[in-house]
Amino acid sequence: MAERKITIIVRMGKKLKKEGEKITTSPEECEALRKAFSGPHGAEEKSMLEILVKCNPADLTTFRKNSPYIFLDDEYCFEKWDPFHMKSLEIKFMRFQVSISERAVIQRTMHPWERDALLVRKSLEEKPPLYNLLIELACTKTSDEFLGARKAFQCLYSESVEEFVAVKVQGFHRRLLVALVSTYRYEGMRIDEAAIKSECQKLARAIKTDHRNEIENDDEVLRILTTRSKHHLKTIHKCYKEDYDSNLEEDLDDIQILRDTVNCLCAPPAIYFSKILDTAMSICPAEQEMEALTRVIVTRTDVDMKDIAAEFDRKYGAPLIERIEAAALGNYRDFLVALVKRGMAN
């Protein structure tokens, strides 16, 4: 049977004159989306996907607040998916052979706090655990964004992120990961000039030792990576390159968890996420790498997709959209492509 391709039109409208004005969905579109999620019959895919692509974060918030039978208000002031409706949507998509991934649809409509909390849970319940995913969440989000995820995690699972990680992880990995998910980093541009050189030297001494366990048990390495601001750490990263003629993450190559931490904290987000996307669309990606394609596009569309797409094109010599069209299929492919186009137009 020939594949039926749906073209999703990204309607960005006329350029807005006033700063801060937003393109909003109509009440009729929100009602159509509610019906697609909660009605007993199959979803009209083209309409549903066009609306989801058109929605900006404010639209999605309004949709959640005005859909009390699908989303529940929480004591931490966010709207969470009703577990019953989430499960019924998955069954509905299977029953009516809706070709788009229900995971992509649900992640697109979720409150960012809930979405990140679920990903935190997933990171350590997978076999083997996905330490890199947990590090990505803790280190690429702002302090306030990850604090929101920690609040949502407590609401959803009746335990803190810190105790969940501490129970699931052992040894040095526990010390590092608990510290990463617990910290509330300073977000400003001020740095401690006097400490830059000293801390750069401390990292170098720990890294260049012949014994791996020494860096893993070095309290100063842990302190620097888990408490310093990203701007401070990027300055250390630059100092390390100048003084030792190599990149910090390259010298940590044999300690993957530290390498991932430095990459997430010091690399520009566009560079980090373009690499994740390239790996996700490789010839034989692992299942978790394939899921990263959905995660990155859905979560970064309204953040920095334009920068990610430009970096992807520069680094890998092919437009991101073309790679997605070659790697994904059906309406799932069309949905991801439309989200990227939306992000690039913002």
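1. Tyr 316 is partly exposed, because its relative accessibility is 24% (buried is under 20% relative accessible area, exposed over 50%, partly exposed in between, with a 1.4 Å probe and protein chains only). Phe 312, at a relative accessible area of 0%, is buried.

2. This is a predicted model, in which local features need pLDDT of at least 70 and side-chain atom pairs count only at pLDDT 80 or more, while totals for chains, interfaces and linings use all residues. Residues are numbered from 1 along each chain as its sequence is written, and side-chain values use heavy atoms, without hydrogens and water.

3. The whole structure holds 10 aromatic pairs (rings of Phe, Tyr and Trp, the last by its six-membered ring, with centres within 6.5 Å; planes under 30 degrees apart are stacked, over 60 edge-to-face, the rest tilted). Phe 63 and Phe 71 are edge-to-face, because their planes stand at 80°, with ring centres 5.8 Å apart. Both Phe 63 and Phe 71 are buried.

4. Phe 312 and Tyr 316 make a tilted pair, since their planes are at 50°, with centres 5.0 Å apart. The two residues belong to helix H19 (residues 305-316) and are 4 residues apart, about one turn of the helix (helices are DSSP runs of H or I, at least four residues, numbered from the N terminus).

5. One aromatic cluster consists of Phe 37, Phe 63, Phe 71 and Trp 81.

6. Two arginines deserve a look. Arg 121 sits over the face of Tyr 157, 4.3 Å from the ring centre (the criterion is NZ of Lys or CZ of Arg within 6 Å of the ring centre and within 35 degrees of the ring normal). Arg 190 is over the face of Tyr 186, at 5.3 Å from the ring centre.
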